[in-house]
Amino acid sequence: MRGRREKNPETDPLRSNRKTHSMKPLLAAIRFLTIVPLPGAWGTAEEDLARSPVWFPIVGLLLGIAAAAIAWALSLAAPPFVTAAVVVVVLLSFSGCLHMDGLADTADGLLSSRPRERMLEIMRDSHTGAMGVIAIVCVLLAKFAALASLDPRSLWPAVLLMPLAGRCAMVVHMAVLPYARPEGLANIFYRRRAGLAAVWAAAVLAAAVWAVLGWQGLAVWVACMAVTLALAAYVYRKIGGSTGDTFGAVCESIEVIPALVLALWPLPGVR
């Protein structure tokens, strides 16, 4: 029609607002899962955090690509033990050890053999007990030993998949468990149903293992999903649901799986 002005997509405020609105959950996921400094206040609203789990696999994949690049570069010159040690530190640094802290708190609570309410109180305690220290040592040793045992061809695929597997496991954990507390920061994630996000996370992980390992990656995917569901069942039996600490515990535990599977079952067909 004559006299009707066409909207410039770059200056249309409505379209610009929609684009900004869609990016906020991604920024919230980056803020929640990493220590990457982001300018401004985008992604800090509770609603943005509630909508962020769908982006967890993407953030995990980006972290995996960064870690794999470091591992590949180190493997060209450094001994396997040095490479493994540096990669373990890099993986820890992504979250500022926040997920490892969740693992320690979860171990202190769930392995305390106390009643449910007391377990939840222990998990909120900022002090780390013997069970927490043991859990940290075991996970770190498993990561280091598995990475140091890998063939150079298998190292970068394992490292790429580790952060991705951990973040995808967190989304599945949210989907299969209710929240164990009446209040808490992690309760924000339960404002929306996580079922579709969990299916998406499992699909992204399946696509990634296929892309880097082909059919041989099926063992990695099955192991990650099986251990994720087994841990969820154990957590549910102990405290009846998830907490922010169990999110971190699942992430750290499942991060081990890709490297462990490839170390125990060498894959000669790695691309």
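This is a predicted model: local features need pLDDT of at least 70, side-chain atom pairs count only at pLDDT 80 or more; totals for chains, interfaces and linings use all residues.
A residue counts as buried under 20% relative accessible area, as exposed over 50%, and as partly exposed in between. By that scale Cys97, with a relative accessible area of 38%, is partly exposed. Cys97 is found in the loop between α4 (80–94) and α5. The phi of Cys97 is near 65°, a positive value in a residue other than glycine.

A second residue of this kind occurs further along the chain. Ser113 lies in the loop between α5 and α6, and although Ser113 is not a glycine, its phi is positive, at about 60°. Because its relative accessible area is 65%, Ser113 is classed as exposed.

The largest pocket holds about 380 Å³ of space. Its lining consists of 21 residues, and those nearest its centre are Leu98, Leu185, Thr243, Gly244 and Asp245. Two or more residues of this lining are given by each of α5 (98–110), α6 (116–124) and α11 (244–264). The largest share, five residues, comes from α5. In terms of residue class, the lining of the largest pocket has eight nonpolar, seven polar and six charged residues.

The second largest pocket holds about 300 Å³ of space. It is lined by 15 residues, of which Leu103, Thr106, Leu231, Ala249 and Ser253 lie nearest its centre. The elements that give two or more residues to this lining are α5, α7 (130–149), α10 and α11. The lining of the second largest pocket has 12 nonpolar and three polar residues, with no charged residues.

Thr106, one of the residues nearest the centre of the second largest pocket, lies in helix α5. Thr106 counts as buried because its relative accessibility is 7%, and the limit for burial is under 20%. Thr106 and Arg237 are 131 residues apart in sequence, while their C-alpha atoms are 13 Å apart in space. Another pair can be described in the same terms. Pro157 is placed in helix α8 (residues 152–176), and at 0% relative accessibility Pro157 counts as buried. Between Pro157 and Pro57 there are 100 residues in sequence and 16 Å in space, C-alpha to C-alpha.

The charged side chains give a further view of the fold. Side chains of opposite charge can pair when their charged atoms come close. For a salt bridge, a side-chain nitrogen of Lys or Arg must lie within 4 Å of a carboxyl oxygen of Asp or Glu, and by this rule the count comes to six salt bridges.

Which residues does Lys143 in helix α7 link to in distant parts of the chain? One partner is Glu252, and the closest N and O atoms of Lys143 and Glu252 are 2.6 Å apart. Lys143 lies in helix α7 and Glu252 in helix α11, so that the bridge links parts of the chain 109 residues apart. The other partner is Glu255, whose side chain meets that of Lys143 in a salt bridge at 2.6 Å, N to O. Glu255 lies in helix α11 and Lys143 in helix α7, so this pair ties together parts that are 112 residues apart in sequence. Together with Arg167, the residues Lys143, Glu252 and Glu255 are linked in a network of salt bridges.

Are the members of these two pairs buried or exposed? Lys143 is buried, with a relative accessible area of 2%. Glu252 also counts as buried, at 2% relative accessibility, and Glu255 is buried as well.

A further salt bridge joins the side chains of Glu117 and Arg116, at 2.5 Å from N to O. Here Glu117 is partly exposed, with a relative accessible area of 49%, and Arg116 counts as partly exposed at 32% relative accessibility.

The tour ends at the surface. Trp210, Trp215, Leu218 and Val222 make a nonpolar surface patch of about 480 Å². Of these residues, Trp215 is found in the loop between α9 (195–213) and α10 (218–239). Trp215 counts as exposed because its relative accessibility, 69%, lies over the 50% limit.

Technical notes
Residues are numbered from 1 along each chain as its sequence is written. Side-chain values use heavy atoms; hydrogens and water are left out. Patches are made of residues with over 30% relative accessible area and no salt bridge: like charges are joined within 9 Å, nonpolar side chains (Val, Leu, Ile, Met, Phe, Trp, Tyr) within 5 Å. Accessible areas come from the Shrake-Rupley method with a 1.4 Å probe; for residues, only the protein chains shown count as cover. Helices (H or I, at least four residues) and strands (E, at least two) are DSSP runs, numbered from the N terminus. Buried means under 20% relative accessible area, exposed over 50%, partly exposed in between (1.4 Å probe, protein chains only). On a 1 Å grid over the protein atoms alone, a cavity is a set of points where a 1.4 Å probe fits but cannot get out, and a pocket is an open set with protein on both sides within 12 Å along at least five of seven lines; lining residues have an atom within 4 Å of a point. Grid points are joined across faces, edges and corners, and a volume is the space filled by probe spheres set on the points. Ala, Val, Leu, Ile, Met, Phe, Trp, Tyr, Cys and Pro count as nonpolar, Asp, Glu, Lys and Arg as charged, and the others, Gly among them, as polar.
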